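The stops below go one selection at a time.

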Amino acid sequence: MSEIREVIINTDRLRTDEYLVNMGPQHPSTHGVLRMLVRLEGEKVLNIQPHVGYIHSGIEKMCEALTYPQIIHLTDRMDYLSAHMNNEAVALCVENALQVEVPDRVKYIRTIMDELSRLASHQLWWCVLGMDMGALTTFFYGLRDREMILDIFEETCGARLTVNYNTPGGLMFDIHPNFQKRVKDFIKYFRTKLPEYDQLLSGNVIFRERTGGIGHLSLSDAIDYGVTGPSGRASGFSCDVRKHQPYSAYPLVKFNEIIDLRCDTLARYEVRIKEMYESLSILEQLIDNIPEGEYAVKMRGVLKLPEGEFYQRVETARGEFGVFIISDGKKNPYRLKFRSPGFSNLFALNSMVKGHKIADLVAIMSTLDLVIPDIDR
Amino acid sequence: MAFNFYDFTNFTHNIHVGLNESFSPFAATTIEWLIVGTSYLLFVALFGLLLVYAERKVCAAFQQRLGPMRVGPWGLLQTIADFIKLLMKELIMPRKADKFLYNIAPFIVIIASFLAISVIPFAPGLQSLDFDIGVFYLTAVSSVGVIGILLAGWSSNNKYSLIGAMRSGAQILSYELSVSLSLLTMVVFAGSMQFSTIVEGQRDAWFIFSGHIPAIIAFIVFVVAGTAETNRGPFDLAEAESELTAGFHTEYSGIKFAFFFLAEYINLFIISGVATTVFLGGWMPLHFGNFESFNHVMDFIPPVVWFFMKVFGVIFIIMWFKWTFPRLRVDQILTLEWKYLLPINLANILLMALVVLTKFHF
Amino acid sequence: MTNEELKSYLAGRFSDAEIVLGNQYVEMTVKDDMLHETAVLLKEIEEASFDYLFCLTGVDYTENMAIIYHLESTRYRHVMVLKVRTKDRVNPVIDTLSDVWITAKYHEREVYDLLGVQFNNHTDLRRLFLEDGWGFPLRKDYVDEIRIVER
Amino acid sequence: MKSFIEYIISIFKGLWTLLIGMKVTGKYFFTPWKNVTQQYPENRNKLVMFERFRGEVIMTHNAGNEHKCTGCGICEINCPNGSIEIISKSALTQEGKKKRIIDQHIYHLGMCTFCNLCVKACPTGAIVMGQNFEHAVWDRTQLIRVLNKPGSKISEGVKE
């Protein structure tokens, strides 16, 4: 209640025909425990205030007491849909600090895993978007296809979601003998299913009417708010870390950075759909060429980073993920900061929803693709 | 008492005569009311359960799932178990709810559905109300239900419920127009508002075939508007669960929620039943001009079976809509009605009048 | 610009700032009263145009607090690190940069929440994750005997 | 007039896209044998987990009830959540020397995040990840497990 009063008192007063609605923490479309204080006039959204922190887990504080391999396993739990990329960010950061060069095999496998989890994440995003829009069937089609990727993860990494596959200096295990065959099967299968996604949702007149021209986020706003990932690229913000500061095997593959200048919900949707095609093409380029070699560099039992500051950026499915380690030479970091993409993306929401309807708020939020533990950390 | 699957007229007539012989006319009428009322209640409850089960299985099949499989063979008893669960649940009322309106709302919704169901002819002789203004009556009572929805949303003391109810009000009031106009098109064609006459007029060919283009347009408009009027499918704005959690029935639990739930499925049945009666020949078998042997085989299937086969066909199409399309936004739903369906409908009535005047039909 | 060019450019432009070439990026430390002015210049100057703030970190260095800004230019794609230290540790105060980069508004709320750094002129300085009266968990002297189990 | 034609065309185009969508769902409706869901408790007998699946930490014992755990405590150090506790005791070797051996390898399943760090760190390969994933119990105390079986001892030839 106090916050509601605060809004009434501090910001401009509620007019007679305006009212406040709490969306969340338990609401079907917030995808977790996010609460938004929505100021409405009839169906029209005037203003929203996101309130986060319902599942704040203090990961940054916990990391100050953990060793680097242990930190990696915690990053699974932030953006659980991009677990591989989060793992990789910390692993790369530690490797850069220790100046360890990992074998090519590791780079290739890491890139393949990144793209697989990007695909899995985008699939889940697609089906959840459909569900938020009221097309419930998309949910099951998306999950059906995602299941194949999760099976690949389970076979090679031993877990489906919290994989913890990267370690400083390499990988936890070598790939499973079936890995390449399964990935190839998946690529073949998913190439036939992606057009169905288009037929079911992208082409649908109701869907296009509902998303086109909704939720405008201009380029300057996107940069100012730090909106990255597919959401930022749909505003014309060229922010793909894979292109600008390539890591792992990304310098070796050819792919396009999908940029859309329409800045609306439909653009954010189409950027992600096109990114799925790009991910498939990256997988096709890499999967047959995994070089032979070691799957991990032999590292010391207790990793101690040299004194200094180390930053590593990677591109997760939601945008730019950063790890900032300040080390004082001990086995655990002095301060560790995660720059999570969802955090910046969420707060751009307010500038996008003004004047739209409640249903648009749900659609816009869906195309931002928020994962709440990523925001709360 | 002769029992005949092909024509219930004698059967119902015999009951009527038998009751009048044994009791005074007043008592006989009362007993008839009770029998009819009970049979409708039973029918609605059982058919509602069946429809819920069918919806789950159909939606599961669309989504490559199996649907309920645990309770009973193929999960057949699942909805009964759910119904028992709903009966046993606690009835919770929000603290500042308007008690009287809150309690009465589910009944208004379900009574409106019962009123509407009474004019639908299931088979020859199996129709409780056969007005000469049947179509008019149907359009009138089917719009009463929205009052219950509005009351439910208003009295719940919940903003989500209120938004849902207001959406539903705007939606049903507009789509009522399209439903009535598309029915009116067929009334122009049939030349009667009485359901039995309308069905009788389709003995040789169903209206959707004999009325060709305008009838098909009217059918499509009717199915779309009917879907919207039952708050289903892509038009389920009133209970859009990703936006409004559960819309107007957010605060209802237990049997009161079950009433809303049941009413939704009865409405689905009514819309399909009316579509069947007016466009698809009601309980009339499928006849093709001069194919005598084919027509004879079709006659062999009892009219009740014909009626329910067609009803399930229409219900399946409406379910197909629901499980395929994304939901519309509230302004788009009104755009669809006022800028698309209504002009099409008006033009269609003119076209139908022309067709009738020029006798350019089969 | 490469890191060396950027370093020499910044050294010429901001004479009283301390500029070093770190592990990856050029790191520039400014006085806390110069922070806002420097940030505006970094964003506005044509050659620098650091318009994208991608990371804002608060650090507790036991004698004072540091705020570290990671900046990137979306036009030239060069990256620099802007650092500032507060004068006081117990009641650290610093100028907000939320009017320069909007995203800083929320990152600063996070820093305020976890480290207790006050930002001058911040329009909406409330706690982000934790309740009022929780304490500042990322400070090195934070103790919480109930929730933190030392091993 | 032009806008009127566009209006008519937009209706038909819209209807066409809707029909395409219905074609996709309809295709799956009429091929129910392609359903993808599995009925979990019923298919339990046929359910095979991947060999690397991380369900729980177990300690392998051979036929003679011998394990390979020396009680060195490396897994305890490597565990990020403190879900492993090693309680050791001192015992006399055959030569009469005093030596620390494992008494109880306590594993708190409720705290475990299945990160595989303990298994990776174990110098003798005593603990491995098991495939069992059905961890529901009635009482939280049942989540605390002792991994070395009662009466077990360290097998011969394991390097200390």
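In which loop of chain D is D:Asn116 found? Select it: the loop runs between strand E4 (98-108) and helix H3 (117-121) of chain D. Check the backbone next. D:Asn116 is not a glycine, and its phi is positive, near 75 degrees. Is D:Asn116 buried or exposed? It is buried, because 24 other C-beta atoms lie within 10 Å and a count of 20 or more is the cut-off.

A word on confidence before moving on. This is a predicted model. The predictor gives the complex an ipTM of 0.86 and a pTM of 0.88. Chain D has an average pLDDT of 83, and 98% of its residues score at least 70.

**Stop 1: the parts of chain D**

Colour residues 2-36 of chain D as domain 1 and residues 49-154 as domain 2.

**Stop 2: helix H3 of chain A**

Now select residues 68-75 of chain A, which form helix H3. How many of its eight residues are buried? Eight of the eight are, so the helix is largely enclosed by the rest of the structure. Then show what covers them.

**Stop 3: the parts of chain A**

Zoom out to chain A. Its domain assignment gives domain 1 (2-51) and domain 2 (59-376). Their C-alpha centres lie 30 Å apart. Select the contact between them: 13 residues come from domain 1 of chain A and 17 residues from domain 2 of chain A. On the domain 1 side, strand E3 (residues 44-51) gives the largest share, six residues. Colour that side by class and you get seven nonpolar, four polar and two charged residues.

**Stop 4: helix H6 of chain A**

Select residues 137-157 of chain A, helix H6. Look along the axis for a bend of about 25 degrees at A:Glu147. Step past the end of the helix to A:Gly158, where phi is positive, near 90 degrees.

**Stop 5: chain A against chain B**

Five pairs of chains touch, and chains A and B make the most contacts among them. Here 26 residues of chain A are in contact with 22 residues of chain B. On the chain A side, H6 gives two or more residues, as do strand E1 (19-23), helix H5 (104-133), helix H8 (205-211) and helix H15 (358-368). By class, that side has 13 nonpolar, six polar and seven charged residues.

For contrast, show chains B and C. These two do not touch, and their nearest C-alpha atoms are 25 Å apart.

**Last stop: B:Asn157**

Select B:Asn157, in the loop between helix H6 (145-155) and helix H7 (159-190) of chain B. Its phi is positive, about 60 degrees, although it is not a glycine. Why does B:Asn157 count as partly exposed? Because it has 15 C-beta neighbours inside 10 Å.

Note on methods:
Residues are numbered from 1 along each chain as its sequence is written. Chains are lettered from A and ligands numbered from 1 in the order in which they are written. This is a predicted model: local features need pLDDT of at least 70, side-chain atom pairs count only at pLDDT 80 or more; totals for chains, interfaces and linings use all residues. pLDDT is the predictor's confidence in each residue, from 0 to 100. Helices (H or I, at least four residues) and strands (E, at least two) are DSSP runs, numbered from the N terminus. A residue is buried if 20 or more other C-beta atoms lie within 10 Å of its own, exposed if 12 or fewer, and partly exposed in between; C-beta atoms are placed from the backbone. The expected span of a helix is 1.5 Å times one less than its number of residues. The bend at a residue is the angle between axes fitted to the seven residues ending there and the seven starting there. Domain bounds come from an automatic or database domain assignment. Two residues are in contact if their C-beta atoms, placed from the backbone, lie within 7 Å. Ala, Val, Leu, Ile, Met, Phe, Trp, Tyr, Cys and Pro count as nonpolar, Asp, Glu, Lys and Arg as charged, and the others, Gly among them, as polar.
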